[in-house]
Amino acid sequence: MEGGYRRQWPLFWFSFALLIFVLLGVLYVALFGATLAFKDYQALHGMAGSPWAGYTNFSSLMGGQTFLALMGNGALLKLCELAAALVGGGVLAMLIACIPHGGVRAGVSAALLVPALAPAVLFAALLPETGNAYAYFLRSLVPCACFAAFTGGMIAALRNGGVVDALLGVALAGLLLAMRLLSPDLPTLLLAQNPLNYAWSDALISYSYRTGLIQTDYSGAAAAQALVSGAQLLLALPLAALFARILPARPARLEARGALPAAALLSVLLIAIIALACGLEGALPLNSTGVILPLLAGLAGGVLMLALTGAPSRKWLAISAALVLSLGGNEMAEYLLARIFGWINTPWPIVLLSPLEPRVFSLLVVMALSAREQNRAWLCLAGALVTAAYAWGDFYLPMLYIMRVDQLNAGYMARQMVFSGENPLLGMAYCALPAAALSALAAVLHARLGVCEPANVK
């Protein structure tokens, strides 16, 4: 990255090689999914033995009566997330920008990592109404707005600016969200969706999930995902060019005093609010796997952060964001590859995919903007904590890849409570509070070492 690695060229080449490896992995999965979409996949014959179907899967999908509705629903639901980010995040970012002390301003911005990483099941429990898209908007409001406000605070800190730069950062967050314009947040969508509200809640990504993983029409699901990924990639590339133009060339010198206590105090306050919201009277039965898997995923997140700090320029970082966000999340291809590799009921899918989840990866990209020679190790630790916080409360990846009840995490068990309808807040603390604690640690590290430590820039 510009301004960094001046005295650490071996580490630069190592981290840049890691970044190339990650991008090649994403492209490999995308190409596997695209190939699957042109096949009539038969599990008994495998990928190589399944017959070629040509455009049959695409014509069947696009010729259906619900295709345009699925496309429209996905875009509208994503626009709900964008509205939550731009409006809610814009208001928060302007309030933060009005804080006169630079260190306190950066600390408050960093503390927004706590609500930005709150588990989706927490919002589903707090807002159980799922009758219309308004409920989906409310469930998306807090994480999207806090992500945008965190980004606004980051850009304002990097530019050493005020309200205008904070709003520029919010726009940057909007660009990252828009790179997945046809893919609303799938965990939030699945928690809101039921057969009675498919008219507004069924999008191509939920159709792909249902068709492939429930009805076992793998090729039909892959065709839906291929259309989504292709359309998103075409949009993401020009957005990446705009993304790169917004970013500053290098971090500015900033005031560090006050950042650490501001991030710590606000994080503790947010944890207390979550504790009061979900209640402490219940307990989820935890197991060693449910605890270890988020920590291993966090290790992978730290490695990914190291790779992102190896981007030789902001353009590289923008291109990486465009490729991973637009092509990533190909559930059907990822699931079949996990079966081929024998990774079902193993930690590998959760460990490798958690850092690439859109919410996590977008945060890691924004955090990587503050990389300097003297703070990369601490920044990688902050990225590891961000990933671990998300993986602790995530139910979606364990639901796909873990078939044994004794290995499921707190997020999945909390989801079962929400769906049961019997005191859905009972035991939610074991899902939300550890995730909040991990993200609070990441906020403190990022406030003190990721943004505010002055760089030795000549």
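A salt bridge is counted where a side-chain nitrogen of Lys or Arg lies within 4 Å of a carboxyl oxygen of Asp or Glu. The structure is a predicted model, in which local features need pLDDT of at least 70 and side-chain atom pairs count only at pLDDT 80 or more, while totals for chains, interfaces and linings use all residues. Residues are numbered from 1 along each chain as its sequence is written, and side-chain values use heavy atoms, with hydrogens and water left out.

Lys78 and Glu81 both belong to helix H4 (residues 67–97), where they are 3 residues apart, about one turn of the helix. Helices (H or I, at least four residues) and strands (E, at least two) are DSSP runs, numbered from the N terminus. An α-helix has 3.6 residues a turn, so residues three or four places apart point the same way. Both Lys78 and Glu81 are buried. Buried means under 20% relative accessible area, exposed means over 50%, and partly exposed lies in between (1.4 Å probe, protein chains only).

The count of salt bridges comes to 2. Asp202 and Arg210 form a salt bridge in which the closest N and O atoms are 2.7 Å apart. Both Asp202 and Arg210 are buried. Arg210 also lies over the face of Tyr198, at 4.7 Å from the ring centre. For a charge to sit over a ring, NZ of Lys or CZ of Arg must be within 6 Å of the ring centre and within 35 degrees of the ring normal.

For the protein chain as a whole, the secondary structure comes to 23 helices and 0 strands. Of its 458 residues, 61% are buried. Among contacts in the chain with a separation of 6 or more, 81% are between residues 24 or more positions apart; contact means heavy atoms within 4.5 Å. The accessible surface of the chain is about 17,700 Å², and carbon and sulfur atoms account for 71% of this area. Accessible areas come from the Shrake-Rupley method with a 1.4 Å probe, and for residues only the protein chains shown count as cover.

Helix H17 (residues 331–340) is largely enclosed by the rest of the structure, because 8 of its 10 residues are buried. The buried residues of H17 are Glu331, Met332, Ala333, Glu334, Tyr335, Leu336, Leu337 and Ala338. Their cover includes helices H1 (9–37), H10 (186–192), H12 (204–214), H13 (218–246), H18 (348–353) and H21 (396–401). After H17 comes Gly342, which has a positive phi, near 75°.

The structure contains 10 aromatic pairs. One of them is formed by Phe38 and Tyr55, which are edge-to-face, with 5.5 Å centre to centre and 80° between the planes. This pair links distant parts of the chain, 17 residues apart: Phe38 is in the loop between H1 and helix H2 (46–49), and Tyr55 is in the loop between H2 and helix H3 (56–62). Phe38 is partly exposed, at 22% relative accessible area, whereas Tyr55 counts as exposed at 65%. A further edge-to-face pair is that of Tyr41 and Tyr218, at 5.5 Å centre to centre and 75° between the planes. Tyr41, in the loop between H1 and H2, is 177 residues from Tyr218 in helix H13, and the pair links distant parts of the chain. Both Tyr41 and Tyr218 are buried. Rings of Phe, Tyr and Trp (its six-membered ring) pair if their centres lie within 6.5 Å; planes under 30 degrees apart count as stacked, over 60 as edge-to-face and the rest as tilted. Phe38 and Tyr55 also belong to one aromatic cluster with Trp52 and Phe58.

Helix H13 also holds Ser219, which is buried at 2% relative accessible area. Leaving out residues up to four places away in sequence, Ser219 touches Leu36, Ala37, Lys39, Asp40, Tyr41 and Asn57.

On the surface, a nonpolar patch is formed by Leu86, Val87, Val91, Met94, Leu95, Val163 and Leu167, which together have about 570 Å² of accessible area. The elements that give two or more residues to this patch are H4 and helix H9 (163–178). H4 supplies the largest share, 5 residues. Patches are made of residues with over 30% relative accessible area and no salt bridge; like charges are joined within 9 Å, and nonpolar side chains (Val, Leu, Ile, Met, Phe, Trp, Tyr) within 5 Å. Val91, in helix H4, is partly exposed, with a relative accessible area of 42%.
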